[in-house]
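Me: I have a model open and would like to learn how to read its features. Could you walk me through them?

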Amino acid sequence: MKRLFDIIFSIVAIVILALPMAVIAIIILATDGRPVVFRQERVGLGNKTFRIRKFRSMKVGTKNVATKDLKNSDDCITPIGKVLRKTSLDELPQLINILEGTMSFVGPRPLIPQEEHIRKMRAEKNVYSVRPGVTGLAQVNGRDLVTEEQKVNWDAEYVQNRSMLLDIKIMFKTVAVVLRGEGFAEGGDLNKREEKKK
């Protein structure tokens, strides 16, 4: 049922959002050139890697690490990229990932392979038994402001209690969280928060 839901609604979403996605692509191309879509290795179902798609929000040549691990991450983000990341519009190309079956609308957000500590914690809690999602419990319960341990706990809770009803609740809550800008923080902001705690 979940896979059928993903297929049907990803097709519907791609048709409805085709024009906005084309506009975003044109803006990226006009302001910062190619590539428009950024592809990156992420960890998915069965702890295996796949290539995620996102509208490019970082400058060409940016180091391939988690944003929080970039020095002066704010300087690496393009002007249009700041808007795309805050509104999560950079995630729209993942509709293709959903259609092809490497992702779902709802599930644990996929990590880059180099995030070894949290990857190991996820493996221990059977998080890789489900497809990664565009959004998930961690994203509607703190998003960028929760610790790695908290994220893994939210991911594990989702795996243990997953259902279509829970997915629908998470999707509606995601819209509210994004519209209110809740829990959003870039790498530089996160590092400043950590420094203040010390």
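This is a predicted model: local features need pLDDT of at least 70, side-chain atom pairs count only at pLDDT 80 or more; totals for chains, interfaces and linings use all residues.

Me: What share of the residues in the protein is buried?

Reply: Of the 198 residues, 42% are buried. As for contacts with a separation of 6 or more, 70% are between residues 24 or more positions apart. Ile11 belongs to helix H1 and is partly exposed, with a relative accessible area of 41%.

Me: Now to helix packing. How do I describe two helices that sit against each other?

Reply: The general idea is that two packed helices are described by the angle between their axes and by the distance between the axes. For a case here, take helix H5, residues 116–124, and helix H6, residues 148–161. Their axes come within 10 Å and cross at roughly 30 degrees. Angles under 35 degrees count as roughly parallel, so H5 is roughly parallel to H6.

Me: Is the crossing of H5 and H6 left-handed or right-handed? And which residues make the contact?

Reply: H5 passes H6 in a right-handed crossing. On the H5 side, the contact is made by His117, Ile118, Met121 and Arg122. On the H6 side, the residues are Glu148, Glu149, Lys151, Val152 and Asp155. Sorted by class, this contact of H5 with H6 has five charged, three nonpolar and one polar residue.

Me: How can I tell which face of a helix points inward?

Reply: Start with the geometry: an α-helix has 3.6 residues a turn, so residues three or four places apart point the same way. Then check burial. In H5, the buried residues are Ile118, Met121 and Arg122. Viewed down the axis of H5, these buried residues fall within an arc of 100 degrees, so they line one face of the helix. H6 is included in what covers them.

Me: Which residues of H5 are exposed on the other side?

Reply: Those are Glu116, Lys120 and Glu124.

Me: What should I look for in the backbone after H5?

Reply: Look at phi. H5 is followed by Asn126, whose phi is positive, near 65 degrees, although Asn126 is not a glycine. Asn126 lies in the loop between H5 and strand S4, residues 133–135. With a relative accessible area of 46%, Asn126 is partly exposed.

Me: What is phi at Asn47, and where is this residue found?

Reply: Asn47 also gives a positive phi in a residue other than glycine, near 65 degrees. Its place is the loop between S1 and strand S2, the latter covering residues 49–55. Asn47 is partly exposed, with a relative accessible area of 29%.

Terms used:
Residues are numbered from 1 along each chain as its sequence is written. Side-chain values use heavy atoms; hydrogens and water are left out. Axes are lines fitted to C-alpha atoms, for helices over the stretch in contact, and angles run from 0 to 180 degrees between N-to-C directions. Helices (H or I, at least four residues) and strands (E, at least two) are DSSP runs, numbered from the N terminus. Angles under 35 degrees count as roughly parallel, over 145 as roughly antiparallel, 65 to 115 as roughly perpendicular and the rest as oblique. A crossing is left-handed if the near helix is turned anticlockwise from the far one by less than a right angle, and right-handed if clockwise. Contact means heavy atoms within 4.5 Å. Ala, Val, Leu, Ile, Met, Phe, Trp, Tyr, Cys and Pro count as nonpolar, Asp, Glu, Lys and Arg as charged, and the others, Gly among them, as polar. Buried means under 20% relative accessible area, exposed over 50%, partly exposed in between (1.4 Å probe, protein chains only). The arc is that of the directions from the helix axis to the C-beta atoms.
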